[in-house]
Amino acid sequence: MASKTVKSVKTSYKVNSTSGVNLRKGPGLQPICVLQMDTEVVEVPIAAEIAVEGWVPVTCEQGSGWVMAEYLTKLES
């Protein structure tokens with residue numbers, strides 16, 4: 001049985017924390033790096049079974065990982 005993604009349209013965000021936010025390997029896991037204020041990230045579609053409330057899987061120039069949703073602001077398309 002194939003997994004269904006949460007959504008197929010990619011959504012762009014900017015980091016909205018003046019002190020930056022950790023890009024993590026997974027929700028609550030080790031930080032990969034700190035994303036600075038106004039860094040643009042793109043949400044990565046994932047299978048509904050691995051979605052975690054309050055966390056957004058993203059990709060950006062610095063890498064791919066997870067960011068807490070409260071530190072992101074959605075960009076207009």
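Buried means under 20% relative accessible area, exposed over 50% and partly exposed in between, with a 1.4 Å probe and protein chains only. The model is predicted: local features need pLDDT of at least 70, side-chain atom pairs count only at pLDDT 80 or more, and totals for chains, interfaces and linings use all residues. Residues are numbered from 1 along each chain as its sequence is written, and side-chain values use heavy atoms, leaving out hydrogens and water.

**View 1. Leucine 23 in strand S2.** Leucine 23 lies in strand S2; strands (E, at least two residues) are DSSP runs numbered from the N terminus. Leucine 23 counts as buried because its relative accessibility is 0%. Its contacts (heavy atoms within 4.5 Å), leaving aside neighbours within four places in sequence, include Gln30, Leu35, Val58 and Trp66. The C-alpha atoms of leucine 23 and tryptophan 66 are 5.6 Å apart, although 43 residues separate the two along the chain.

View 2. S2 pairs with strand S3 (residues 31-35) in the antiparallel sense over four bridges; pairing requires at least two DSSP bridges between two strands. Leucine 23 stands opposite cysteine 33 in S3. Six residues lie between the two strands of the hairpin, and glycine 28 in the turn has a positive phi of about 80°.

**View 3. The largest nonpolar core.** A nonpolar core is a set of buried Ala, Val, Leu, Ile, Met, Phe, Trp, Tyr and Cys residues joined through side-chain atoms within 4.5 Å. The largest one has 11 residues, among them Tyr13, Leu23, Leu35 and Cys60. Strands S1 (12-15), S2 (21-24) and S5 (55-60) each supply at least two of its residues. S5 gives the largest share, three residues.
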